[in-house]
Amino acid sequence: MVDKTLKRPQFLKRKQSPWFWFFWALLGIILLTGIFFFRIAAQPVSMTDHRSKIATSDATFDVSLNKKQVNALVAYYLSDSNVNGYTFRVEDNIMMYGSAKFLGENFKFGMMLRPEITKNGNIILTAQKLAIGNLPLPIGAVLQYVKTSYNAPKFVQINPKKKQIFIDMTQLPVTQGMSFRAKVIDMKSDSFIFEGGLAGGRK
């Protein structure tokens, strides 16, 4: 008697190309890296708008600077810091240049920052635009990388969540007993005015 038992067809298992696994591994790394940066960037950063060390009763004076002089001043205050290749320049806008490492590759970037003076004379730089080649990284992720790789001086605080860099004028090194706070930042007219006075509120 003929055996008519139905047999399941045997399918040959296709051997996956190494490129298939490489693609999914790369996609997984990108997703995990994105989640990592997002979670860290979402962590709150404390920024306190400290009052100036200059007492209102002190004899004060104004110092007026242009872009060239401000750049020289920035270079002076950052000369003792480990900036790791990061550069801050006052041009038509305030710019920060540097490089970020992603998936083992270094990418150069330029970030445009909008300045704002707080009520106590400190400075907030808010990131407006980011140019980093064809890599679509969010500003917060790049600022988080800068925060972890840049040994910033104590007067510079980076807040990736708010896309801001906070310049605490009260933490600037005191020069010849003098302390300063920002009064005017006018990029269009090339005018930067800082108020100076004796540090420590001497009366």
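Two rings of Phe, Tyr or Trp are taken to form an aromatic pair if their centres lie within 6.5 Å. By this criterion, the predicted model holds 4 aromatic pairs. One of them joins Phe61 and Phe180 in an edge-to-face arrangement, with a centre-to-centre distance of 6.1 Å and an angle of 90° between the planes. Because Phe61 belongs to strand β1 and Phe180 to strand β8 (residues 178-186), this pair ties together parts that are 119 residues apart in sequence. Phe61 is partly exposed, at 35% relative accessibility, and Phe180 is likewise partly exposed, with a relative accessible area of 22%.

The rings of Tyr86 and Tyr150 have their centres 5.7 Å apart, and their planes meet at 55°, so this pair is tilted. Tyr86 is located in the loop between α2 and β2, and Tyr150 in the loop between α3 (139-149) and β6 (156-159); the pair therefore ties together parts that are 64 residues apart in sequence. Both Tyr86 and Tyr150 are buried. Together with Phe88 and Phe109, these two tyrosines form one aromatic cluster.

Within α2, Lys67, Val70, Asn71, Tyr77 and Leu78 are buried. Viewed down the helix axis, the buried residues fall within an arc of 130° and therefore line one face of α2. These buried residues pack against β1 (61-65), β2 (87-90) and β9 (191-198). At the start of α2, a side-chain oxygen of Asn66 lies within 3.2 Å of the backbone nitrogen of Lys68.

Note on methods:
Residues are numbered from 1 along each chain as its sequence is written. This is a predicted model: local features need pLDDT of at least 70, side-chain atom pairs count only at pLDDT 80 or more; totals for chains, interfaces and linings use all residues. Side-chain values use heavy atoms; hydrogens and water are left out. Buried means under 20% relative accessible area, exposed over 50%, partly exposed in between (1.4 Å probe, protein chains only). Helices (H or I, at least four residues) and strands (E, at least two) are DSSP runs, numbered from the N terminus. The arc is that of the directions from the helix axis to the C-beta atoms. Contact means heavy atoms within 4.5 Å. A polar contact is a pair of N or O atoms within 3.5 Å; within protein, one must be able to donate a hydrogen and the other to accept it, and residues adjacent in sequence count only if both atoms are side-chain atoms. Rings of Phe, Tyr and Trp (its six-membered ring) pair if their centres lie within 6.5 Å; planes under 30 degrees apart count as stacked, over 60 as edge-to-face and the rest as tilted.
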